[in-house]
Amino acid sequence: MNKIFYWLFLGMGGGLLFSCNQKTINNEGSLFKMKGEKIIYLDQNTPPSCFPVSSFSSCDSDFVAIYNRYEKKIKIHEYTSGKLVCNIDLNKFNYVSGIFVLNKDSIFVFTMPDKNLYLFSSDNQIKNKIYISGENGSIKVPGMPDINFGRPVIVTKDFWYLCCWKIGQYDDVVKGRRDRPVALRINIKTGEGTYFSGYPEDYLQQNLGRLNYYEISQAFDPVSQNIVYNFQASSVLSVYNTLTGKESFHSVRSCYFDTVPPPFKNFTKDVGDSNFYEKYYSNPIYMDIYFDQWRKLFYRIVLHRLKKPDIRKGAGVIFEKPVSVIIMDENLKILGEHYLGTDYIYTNLFINRYGLHILRKAKGEDFAVYDVFEYSPKIK
C-alpha cells in the first residue's frame, strides 16, 4: 500500500484557561485548539500501535520516525509527501530496549542485556558505542537508561544526557533524593558516565510500588539549556541547567486534582501485582513532558483517575484513562490545561512546526489519524 500523508483542516475552536481550583471539564474558549488532522496510511506490516520514535527537521523538510517493533525496523518518512526515505533494520541487535532518532545521521539504540548504547547513521554505520554498567560505588540505587521520544537522548557539545530508572523499593538504602538518581551524563569523548539529580522529596519513604511511578521523562530547551524532569507521582518538575549544573524545582499542578495519593503508604513493602495495578490505574498520573521548540512551550501529559479499572485487561487499561495537557511557557508558567478525554493514545504523539500531533483511537488497521493541536495566545 502506498503511504500518503495529507492535511484536513477542520476550523475548530476551543476553551477557557482553567484556574487552578477549577474542577469542571470545559474547554470552551481554550487557546489550545485543534487545527486539523494528519492521516498516515501504513503498509500492511506497520500497525497504528507502532509508536513514533521522534520527529525532526532537516533542510526545511520535516520527518517522522516510526519504529515497527514486529519487524525491528525504523521507518523514516518525509512528513508532507509521506515518502519513505529510510528503512533501518535493527535485527542485528539481540534485544532493543530503547530507540531515539535525533536525525538521519544520529540514531541512538540501547540494547539489553549487553547494556550498550549505540550511535549510528541511517546507512548503518556505527559512530559510537558505549557500555553502561549501571554501577557506581557512590550511588546507592543507580538506574539504567530509558530512551524514546518522551525520554530523548539530549545532545550538547560534550555530553549526552539520558533518563535513568530502576524498578523496586529501596527504603533501607535510600535516605536522600541523590541516593536514587534519575539522570546519566555521558562524556562523548571518554564514554565516562556520571549519575546526578534525583526524585523529589515527596517520593522518599512513600512505598510507591515496584514499577511505573519510578519511570520518568525529560524535555530539553536548547536556548536556556534547561532539562526538565517529570515525575509520575509528583506535581514537582525538576529543572537542571547543563551550563551551570544548578537545579531548581517548580510545582505544576493539574487543575483537576491536588495531589497523586501515595498508593501504599500504609502497606508493607511487598505489595501484590493486583493491588499495585489497581492503585496505579485508579490514581491520577503526571505521565510525560515534551518541549515544543517552535512555540517555546512545554506540554505535560496528565492521566486522570479511572474509577473502576478492570486490571484483567492488562497494561492496556491505562489507555482508558482520560487525558489532559498542561500548557506551559519556557519558564514553566501555566498557560492553561486542555481536556482531551479518552479518545487518544497519549504515548503516540510527535511535535513539529505544524503543532502537537496526538494519535486518535481508530478502528482501521491500515492508517493512523493524528489530531493536530496548537496553542494560539491572545493578541493584546
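I started with the rings: Phe32, Tyr299, Tyr344 and Phe373 are linked into a cluster by ring pairs. My rule for a pair was ring centres of Phe, Tyr or Trp (its six-membered ring) within 6.5 Å, with planes under 30 degrees apart called stacked, over 60 edge-to-face and the rest tilted.

Housekeeping before going on. This is a predicted model, so I kept local features to pLDDT of at least 70 and side-chain atom pairs to pLDDT 80 or more, while totals for chains, interfaces and linings use all residues. Numbering runs from 1 along each chain as its sequence is written, and side-chain values use heavy atoms, with hydrogens and water left out.

**Aromatic pairs**

I got a count of 27 aromatic pairs by that rule. One of them is Phe93 with Tyr118, a tilted pair at 4.8 Å centre to centre and 50° between the planes. Phe93 sits in the loop between strand E6 (84–89) and strand E7 (96–103), and Tyr118 in strand E9 (residues 116–120), so this pair links distant parts of the chain, 25 residues apart. I took helices (H or I, at least four residues) and strands (E, at least two) as DSSP runs, numbered from the N terminus. Phe93 and Tyr118 are both buried; for me that is under 20% relative accessible area, against over 50% for exposed and partly exposed in between (1.4 Å probe, protein chains only).

Tyr344 is in strand E24 (residues 344–352) and Phe373 in strand E26 (residues 367–375), so the pair ties together parts 29 residues apart in sequence. Tyr344 is buried at a relative accessible area of 9%, and Phe373 is buried at 3%.

**Lys72**

Next I looked up Lys72, in the loop between strand E4 (61–68) and strand E5 (73–78). Lys72 is buried yet has no salt bridge, and the nearest side chain of opposite charge, Asp89, is 7.4 Å away. A salt bridge here needs a side-chain nitrogen of Lys or Arg within 4 Å of a carboxyl oxygen of Asp or Glu. What I did find is the backbone oxygen of Phe93, 2.5 Å from a polar atom of the Lys72 side chain. Beyond its neighbours within four places in sequence, Lys72 is in contact (heavy atoms within 4.5 Å) with residues including Tyr67, Ile88, Leu90 and Tyr95.

**Cysteines**

I found zero disulfides, taking one as a pair of cysteine sulfur atoms within 2.5 Å. Cys163 is in none, and the nearest cysteine sulfur, that of Cys164, is 7.5 Å away. Cys163 is buried at a relative accessible area of 1%. I also noted Cys255 as buried, at 4%.

Methods. Lys, Arg positive; Asp, Glu negative; His and termini not counted. Polar contact = N/O pair within 3.5 Å; in protein donor to acceptor, adjacent residues only side chain to side chain.
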